[in-house]
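Hi,

Here is the structure I promised to pass on. Have a look, and then read my notes below.

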Amino acid sequence: MFFRDIVGQDDIKSRLIRGAAARRVAHAQMFHGISGVGCLPMALAYAQYINCENPLPDDSCGQCPSCRKYAGLVHPDLHFVFPIINKKSSGDDGSVCDDFLPQFRNEVLKNPYLSLQDWQEALQEDKKPIIYTREGDEIIRKLNLKAFEAQYKIMIIWCAEQMHEACANKVLKVIEEPQGQTLFILISDNIENILPTIRSRVQQIFFPPIDVEHLRRELKSKGLYNEASEFYIKNAKGSLNQLYKNINNDDTNAYYLRLFIDMMRGCWNLNETTFGSQWRPILEQLTSLGRTSQTAFLQNAQRELRENFVYNLSVDNLVYMNADELDFAQRFARFVNERNIEQFMNEFALAEAHIEQNANAKYVFLDLMLKINELLKLNMNP
Ligand SMILES: [Zn+2]
């Protein structure tokens, strides 16, 4: 990984480069910020740079033996700790990160901005992966190995907040007693869940959301910039990973919007005579979705309502809608206003909570649609 491959975060880049040039490298550092802002790619570029044999003023050379091994993340002095799922049966010692290393390398090379959820999906697991207690012993074992060839031995602990407490305590011990040229880089998008004793002993570097201009430039450089891009950029909230997800999820979002429009129309037209014919097809569609999609739809619907409310207030620069959403908002927004927005949001949030608690989806959605009907009509008599 090169510094030049990292989107934005210029201040952090130059700070790390200056420190490395002056040989001021804190032995334990923590890169933190929301997911997708570049903590892991920065750690990789930094590690590659401080071990590069012919570093340039602003990046690694890319040619030396060390850089070449870094390109495949296979340098023998580069160690990774990351959340996993124990796949060994009881009686065995249990899985360790090294068992998953080839897969992890693959995923990181594919997308260095990946999130814990992406990794969990790659593992095809329902459970959230964690860093087990036994990994603590692995870390100590690796630190006791002599550096094979590099100037710095690097230990990257990704998603450090997922460390089991016993493992975290072992890590704490080793960072309290630094050994030779070892660099620990802890990475986290949730530092509140990291032991305060660890937090106080590492040099923390906060990664802010990536600015809009850099995200725009990134899409342009990849030839992906078009009329829909500004919408995706705004909704990425500074996360490159989220930006690409937004682009790739375009079809899903269009589907949810379609469903939202049908739902609102059906609810508006709901009355004694049209009752069955209006709600049944939508209700069937909603109940046929899986629970995860139902939750995603409800979250999406809450965003639509919020955006329509803002649109209604005519605060243009705060409206984050794409062309199709705007088209619908021109007709629908007037139905969402200060008289009903709060109840609208509450009803959708309640439905979402019920779905998550495994309530019967058919009743949840039927109930929701009756409430929407009331709220839309409520608007008619100001
Ligand atoms: Zn090099």
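A word on terms first: buried means under 20% relative accessible area, exposed over 50%, and partly exposed in between (1.4 Å probe, protein chains only). This is a predicted model, where local features need pLDDT of at least 70 and side-chain atom pairs count only at pLDDT 80 or more, while totals for chains, interfaces and linings use all residues. Residues are numbered from 1 along each chain as its sequence is written, and side-chain values use heavy atoms, with hydrogens and water left out.

The structure holds 20 salt bridges (a side-chain nitrogen of Lys or Arg within 4 Å of a carboxyl oxygen of Asp or Glu). One of them joins arginine 303 and glutamate 325, at 2.7 Å from N to O. Arginine 303 sits in helix H14 (residues 291–312) and glutamate 325 in helix H15 (residues 323–332), so this pair ties together parts that are 22 residues apart in sequence. Helices here are DSSP runs (H or I, at least four residues), numbered from the N terminus. Arginine 303 is buried, at 15% relative accessible area, and glutamate 325 is buried too, at 4%.

Another salt bridge links arginine 141 to glutamate 138, with the closest N and O atoms 3.2 Å apart. Both lie in helix H6 (residues 134–144), three residues apart, about one turn of the helix. Arginine 141 is partly exposed at 40%, whereas glutamate 138 is buried at 15%. These two also belong to a salt-bridge network with Asp98 and Lys142.

Best wishes

Conventions. Helices (H or I, at least four residues) and strands (E, at least two) are DSSP runs, numbered from the N terminus.
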